[in-house]
Amino acid sequence: MKVRIPQQPSQKEMMEKLQKLQSDMQSKQEELDSKEYEVSSGGGMVKVTISGTREIKSVKIDPSVVDPEDVEMLEDMISAAVNEAIKIVDKTNEEEMGALTGGLNLPGLGF
């Protein structure tokens with residue numbers, strides 16, 4: 001009876017695979033960085049647009065929530081919208097990059 005031992009990929013093949021993965025990850029990161037997301041809070045009264053690089057592009061505030069007597073509420077809505085926008089960018093990036101790497105935690109590749 002003969003037993004077949006699976007051959008391990010050569011070091012060259014592994015390097016080529018890693019280089020392709022790194023290239024694919026860089027392309028995916030560029031794609032993710034170019035995306036924009038719009039998030040709202042307060043039932044749509046405050047809207048924040050954020051880029052994939054977590055740069056706030058715009059903040060829109062419905063004039064009806066601008067109450068000089070209750071600035072704190074407006075501040076809370078803006079904070080909530082910005083925080084939610086950042087979470088969405090982070091979650092999208094994590095899911096997209098995780099799908100690309102198959103969930104591997106590869107040190108040195110930044111993901």
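Val-65 touches Met-45, Met-73, Leu-74 and Met-77, not counting residues up to four places away in sequence. Contact here means heavy atoms within 4.5 Å. The model is predicted, so local features need pLDDT of at least 70, side-chain atom pairs count only at pLDDT 80 or more, and totals for chains, interfaces and linings use all residues. Residues are numbered from 1 along each chain as its sequence is written, and side-chain values use heavy atoms, with hydrogens and water left out.

Val-65 also belongs to the largest nonpolar core. A nonpolar core is a set of buried Ala, Val, Leu, Ile, Met, Phe, Trp, Tyr and Cys residues joined through side-chain atoms within 4.5 Å. Buried means under 20% relative accessible area, exposed over 50%, and partly exposed in between (1.4 Å probe, protein chains only). The core has 11 residues: Tyr-37, Val-39, Val-46, Val-48, Ile-50, Val-65, Leu-74, Met-77, Ala-81, Ala-85 and Val-89. Strand 1, strand 2 and helix 2 each give two or more residues to this core. Helix 2 gives the most, with 5 residues. Helices (H or I, at least four residues) and strands (E, at least two) are DSSP runs, numbered from the N terminus.

The strands form an open sheet of 3, in the order 1-2-3, with antiparallel pairing. Strand 1 (36-41) and strand 3 (56-61) are the edge strands, and each pairs on one side only. The twist averages 15° from one strand to the next. Two strands pair if DSSP finds at least two bridges between them. Strands of a sheet pair through backbone hydrogen bonds, either parallel or antiparallel.

Strand 1 and strand 2 run antiparallel and are joined by 6 bridges. Tyr-37 stands opposite Ile-50 in strand 2. The two strands form a hairpin with 4 residues between them. In its turn, Gly-42 has a positive phi of about 60°.

Strand 2 (residues 46-51) is joined to strand 3 by 5 bridges, and this pair also runs antiparallel. These strands form a hairpin with 4 residues between them. Arg-54 in that turn has a positive phi of about 70°. Strand 2 is mostly covered, as 5 of its 6 residues are buried.

Two positions illustrate the pairing of strand 2 with strand 3. Thr-49 is found in strand 2, and its bridge partner in strand 3 is Ser-58. Thr-49 is buried, with a relative accessible area of 13%. Beyond four places in sequence, Thr-49 touches Glu-36, Tyr-37, Glu-38, Glu-55, Ile-56, Lys-57 and Ser-58. Lys-60 is found in strand 3, where it stands opposite Lys-47. Lys-60 is exposed, with a relative accessible area of 54%. Its contacts, again not counting residues up to four places away in sequence, are Met-45, Val-46 and Lys-47. The C-alpha atoms of Lys-60 and Met-45 are separated by 8.0 Å, and the two residues are 15 apart along the chain.

Helix 2 (residues 71-101) lies across strand 1, strand 2 and strand 3. Helix 2 runs at about 145° to strand 1. Axes are lines fitted to C-alpha atoms, for helices over the stretch in contact, and angles run from 0 to 180 degrees between N-to-C directions.

Charged side chains were examined next. A salt bridge is a side-chain nitrogen of Lys or Arg within 4 Å of a carboxyl oxygen of Asp or Glu. By this rule the count comes to 6 salt bridges.

Lys-20 forms a salt bridge with Asp-24, the closest N and O atoms being 2.8 Å apart. Both residues lie in helix 1 (residues 11-34), 4 residues apart, about one turn of the helix. Lys-20 is exposed at 51% relative accessibility, whereas Asp-24 is partly exposed at 27%.

Glu-31 and Lys-28 meet in a salt bridge with an N to O distance of 3.6 Å. They are 3 residues apart in helix 1, so about one helical turn separates them. Glu-31 is partly exposed, with a relative accessible area of 37%. Lys-28 is buried, at 18%. Lys-28, Glu-31 and Glu-96 are linked in a network of salt bridges.

In helix 2, Glu-95 and Lys-91 lie 4 residues apart, about one turn of the helix. Their side chains meet in a salt bridge (3.8 Å, N to O). Glu-95 is partly exposed at 46% relative accessible area, and Lys-91 is exposed at 53%.
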